[in-house]
Amino acid sequence: MSCPEAPLVQAYSDGEVDALAAHTIERHMEQCSECRALYQDLLQLRTALRRDLPYFETPPALRAKVMRALDAQDGGGRRWRSPSFWLGAWSGLGTAVAAAALAYFLWLPPLTSPMVDELLGAHVGSLMSSHLVDVVSTDKHTVKPWFAGRADVSPLVVDFESEGYKLLGGRVDYLLHQRAAVLVFRHGAHVINLFSWDAGARFFPSQVTRDGYHLVFWRAGDLEYCVVSDTAQDELLGLVRLMQGAAARDPS
Amino acid sequence: MPHMDAAYRFARWLARTGEGADDVVQEAVLRAYRGFDGLRGSDAKAWLLTIVRNCHLTALKQHQRRAQVPLPEEHDPLDGDALIATTPDPESESIRQDEERTLERLVAGLPEEHRAILILREVEDMDYRAIAAVVNVPLGTVMSRLARARAALKRRWQSQIEGAPRVVP
């Protein structure tokens with residue numbers, strides 16, 4: 001009664017067949033009214049399910065409860081500050097930190113997660129505290145010498161205010177076992193942290209997106225750079241291109 | 001935090017009540033946290049949903065042991081709602097709401113092994129391979145269960161829409 005090709009029609013409707021098999025099935029359906037009807041049924045059912053089934057969302061109370069339970073588990077052995085610190089200090093901003101903390105173990109392959117976690121933690125932390133900048137200056141001739149003796153690296157310092165990325169100042173964060181130099185830019189309503197540290201031989205992804213934060217990595221000379229922000233990925237890449245262009249012009 | 005929401009949605013469909021889903025999600029996230037090193041592949045979502053399902057099955061077993069009677073698979077928490085008269089909306093809107101409730105009820109009434117696979121495919125948009133990993137069955141079983149779930153759902157859906165007299169105020 002049932003056409004032997006029916007399982008293939010289902011696989012086709014689920015996008016599970018390659019182009020060659022898809023072609024074969026399409027040809028078959030031209031001949032077989034049973035499979036044609038099955039295909040229409042599958043599409044109709046999918047449309048109805050996606051339109052009418054409730055799309056449940058995590059209740060905020062549950063999210064908070066899970067975070068508290070995670071926190072109770074955390075023996076404090078992790079390197080960046082535990083969620084309880086942030087939840088206690090900045091309870092209103094708990095959700096963002098909860099997101100960052102959960103992402104720590106849900107998001108990335110183990111190889112890269114501690115490093116991305118440190119960077120994202122440093123970014124979110126900088127926005128929450130009054131410790132966004134250590135040296136407030138839009139003048140690269142002030143910021144660059146300020147890093148000397150404070151950070152382990154001397155990164156390229158450029159202000160791109162005319163391009164929409166205004167330099168707010170600099171900061172030093174202890175990251176990846178060294179004193180990383182951080183440039184802080186404002187782009188529209190968004191703050192962008194630009195981290196730089198001695199590259200070494202570690203593996204880095206080129207781009208990571210986590211919880212609405214984008215991270216873009218690149219290397220210039222013997223320094224590794226990473227920008228972190230919740231601005232659009234394209235806007236972030238705009239700053240990366242400007243930095244790379246500036247580095248090419250001024251390889252100091 | 002998309003995976004957390006996916007975990008909740010899946011748990012909600014497995015447990016079929018909000019309270020049941022809460023417990024399952026909390027347990028699953030804690031287990032995931034403790035077993036962080038267990039994640040070696042790249043599909044963190046499938047990995048987390050696998051844990052969600054295991055937690056759901058464990059909770060179900062505990063519940064059954066306590067109650068000494070199996071939880072009936074066709075138990076339907078929404079049955080009561082169907083009898084409540086709706087306010088007189090425009091006709092089409094009323095029909096739409098009935099359909100939504102009908103589909104939700106019909107999916108909730110599917111046997112667990114069918115419901116889980118259908119939700120993973122149609123709501124979570126996962127491919128066969130990931131679904132097979134989550135429910136721990138071979139690929140062929142995913143396909144046959146999916147076909148049976150869809151056929152059963154379509155049959156019940158059509159008989160609901162065409163057959164049953166609608167409840168009117």
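User: Why is Ser196(A) counted as buried?

Analyst: Ser196(A) has 25 C-beta neighbours inside 10 Å, so it counts as buried. A residue is buried if 20 or more other C-beta atoms lie within 10 Å of its own, exposed if 12 or fewer, and partly exposed in between; C-beta atoms are placed from the backbone. This is a predicted model: local features need pLDDT of at least 70, side-chain atom pairs count only at pLDDT 80 or more, and totals for chains, interfaces and linings use all residues. Residues are numbered from 1 along each chain as its sequence is written, while chains are lettered from A and ligands numbered from 1 in the order in which they are written.

User: Where does Ser196(A) lie, and which residues does it touch?

Analyst: Ser196(A) belongs to strand 4 (residues 190-198) of chain A. Helices (H or I, at least four residues) and strands (E, at least two) are DSSP runs, numbered from the N terminus. Leaving out residues up to four places away in sequence, Ser196(A) touches Val153(A), Pro155(A), Ala180(A), Ala181(A), Leu223(A), Glu224(A) and Tyr225(A). Contact means C-beta atoms, placed from the backbone, within 7 Å. Leu223(A) is 27 residues away along the chain, yet its C-alpha atom is 6.4 Å from that of Ser196(A).

User: How do you know that the buried residues of helix 3 of chain A line one face?

Analyst: The buried residues are Cys35(A), Leu38(A), Leu45(A) and Leu49(A). Down the axis of helix 3 of chain A, they fall within an arc of 85°, so they line one face. The arc is that of the directions from the helix axis to the C-beta atoms. The face turned away from them carries exposed residues, among them Ser33(A), Gln40(A) and Arg51(A).

User: What puts the buried residues of helix 4 of chain A on the same side?

Analyst: In helix 4 of chain A, Leu62(A), Arg63(A), Val66(A), Met67(A) and Leu70(A) are buried. They cover an arc of only 140° around the axis, which puts them on the same side. Exposed Ala61(A) and Ala72(A) sit on the face turned away.

User: What is chain B built from, and which of its helices gives the most to the side that touches chain A?

Analyst: Chain B has eight helices and zero strands. Of its 169 residues, 31% count as buried. In chain B, 34 residues are in contact with 33 residues of chain A. Helix 2 of chain B gives the most to that side, with seven residues. The side divides into 19 nonpolar, three polar and 12 charged residues. Ala, Val, Leu, Ile, Met, Phe, Trp, Tyr, Cys and Pro count as nonpolar, Asp, Glu, Lys and Arg as charged, and the others, Gly among them, as polar.

User: What makes a set of residues a nonpolar core?

Analyst: A nonpolar core is a set of buried Ala, Val, Leu, Ile, Met, Phe, Trp, Tyr and Cys residues joined through C-beta atoms within 7 Å. The largest such core has 46 residues; Val24(B) is one of those with the most contacts inside it. Helix 1 of chain B supplies the largest share, nine residues. Beyond four places in sequence, the contacts of Val24(B) include Ala11(B), Leu14(B) and Val52(B).

Conventions:
Contact = placed C-beta atoms within 7 Å.
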